[in-house]
Amino acid sequence: MAHKICVIEGDGIGKEVVPATIKVLEATGLDFEFIYAEAGDEVYKRTGKALPEETIEKALESEAVLFGAAGETAADVIVKLRHILDTYANVRPVKSYKGVKCLRDDIDYVIVRENTEGLYKGIEAEIDEGITTATRVITEKASERIFKFAFELARERKKEGKEGKVTCAHKANVLKVTDGLFKRVFYKVAQEYKDIKVEDYYIDAMNMYIITKPHVFDVVVTSNLFGDILSDGAAGTVGGLGLAPSANIGDEHGLFEPVHGSAPDIAGKGIANPTATILSAVLMLKYLGEHETANRIEKALEEVLALGLTTPDLGGNLKTFEMAEEIIKRL
Ligand code: ATP
Ligand code: MG
């Protein structure tokens, strides 16, 4: 049976990096049915809707969604889509590749960010003139499911030879009630995973450790806003936005997208780095249970990066599609 994938190119370089990634996927020999759907600025200008009903239906009907980028309408598109698909775990691998300028050459961990609550609930108010508040929501239920997800991921990685450790980042010394609960639930869930090592750090210390000792981490789990900030910093330690993939995973759906946006400054020039989107497709293949194919693509990509056969952002002189071709040659 073919894997049914909803493909949303979106805006800007999404129209370049997604087709390049589809080429790589098609070259693997696996059977896919790609269902194309629209979202973002362009369809908004044409129809008044950034995320048309038809796109939502196609996303809900597919096994997975591969997403490029949305420009100014990003919040209306991707935040809404994550919500509709209830993808509660945002997964961002942080890994150094040979040939790419990284802080160290042995970085390999994954940040798991809670995707549904925290300060992203959007509960803000002006309670008096000049006095505003934002409500930080942390629930036992959402914390439990994100920790379980992190521990399951650590188990999977342990099978592949990783350490088998989960690090929880929080600010329980200041946010005594919300992160007090968060930390408590972390150690409660840890009881069910005695085979996995555990530790916890304050988010500010964690922010230093991803610079000073990034090689010691395996799975790092944290709340929504902390994860947002931590993961962009982490991407910076391993070559930047052109290389950073992400997965949004729930119990029923998976949505895979590069961390970068539509990059209007380079859109239409054919020079965007397709790596972040290709690595997002690798995460998608693992989600679909196609581990062998996922590993084949990652290995081919590793060779291409090591040889410096890259787009200009990494110092090479290839175009988006040429880089994809180099990967395809090595599949
Ligand atoms: P958006 O509002 O859609 O996020 P942006 O202007 O914030 O757009 P980003 O896509 O977030 O742009 O990119 C930030 C910077 O990183 C830009 O200068 C962009 O050119 C660069 N960049 C992002 N993605 C890539 C990529 N895949 N290849 C090369 N450079 C990239
Ligand atoms: Mg951006």
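Colleague: Which residues does UniProt list for the domain "Isopropylmalate dehydrogenase-like"?

Modeller: In an unreviewed entry, UniProt gives residues 4–327 for "domain: Isopropylmalate dehydrogenase-like". The coordinates themselves come from a predicted model.

Colleague: How many helices and strands does the protein chain have?

Modeller: The protein chain has eleven helices and twelve strands.

Colleague: What does the radius of gyration say about the protein chain?

Modeller: The value is set against that of a compact globule with 331 residues, which would be near 20 Å; the protein chain has 20 Å, so the two agree. Along the principal axes, the C-alpha atoms fill a box of roughly 50 × 50 × 40 Å. Of the 331 residues, 48% are buried.

Colleague: How should I read strand pairing, and which strands pair with β3?

Modeller: Start with the single strand. In a regular strand the side chains alternate between the two faces of the sheet. Here, strand β3 covers residues 64–69. It pairs with strand β1 (residues 3–10) in the parallel sense over five bridges, and with strand β12 (residues 254–258), also in the parallel sense, over two bridges.

Colleague: Which residues stand opposite L66 of β3?

Modeller: V7 stands opposite L66 on one pairing, and F256 in β12 stands opposite L66 on the other.

Colleague: Is β3 mostly covered or mostly open?

Modeller: β3 is mostly covered, with six of its six residues buried. Buried here means that 20 or more other C-beta atoms lie within 10 Å of the residue's own.

Colleague: Which residues of α1 are buried, and what follows the helix?

Modeller: The buried positions in α1 are G14, E16, V17, V18, A20, T21, I22, V24 and L25. E16 is one of these buried positions. After α1 comes G29, with a positive phi near 90°.

Colleague: How many residues surround ligand 1, and which are the closest?

Modeller: Ligand 1 is surrounded by 17 residues, and the closest are H260, G261, S262, A263 and N273.

Colleague: How does the shell around ligand 1 divide by residue type?

Modeller: The shell holds nine nonpolar, six polar and two charged residues.

Terms used
Residues are numbered from 1 along each chain as its sequence is written. Chains are lettered from A and ligands numbered from 1 in the order in which they are written. This is a predicted model: local features need pLDDT of at least 70, side-chain atom pairs count only at pLDDT 80 or more; totals for chains, interfaces and linings use all residues. A residue is near a molecule or strand if its C-beta atom, placed from the backbone, lies within 6 Å of it. Ala, Val, Leu, Ile, Met, Phe, Trp, Tyr, Cys and Pro count as nonpolar, Asp, Glu, Lys and Arg as charged, and the others, Gly among them, as polar. A residue is buried if 20 or more other C-beta atoms lie within 10 Å of its own, exposed if 12 or fewer, and partly exposed in between; C-beta atoms are placed from the backbone. Helices (H or I, at least four residues) and strands (E, at least two) are DSSP runs, numbered from the N terminus. UniProt positions are given in the numbering used here, feature names are shortened, and annotations may be inferred rather than shown by experiment. Two strands pair if DSSP finds at least two bridges between them. The radius of gyration is taken over C-alpha atoms; the globule rule is 2.2 Å times the number of residues to the power 0.38.
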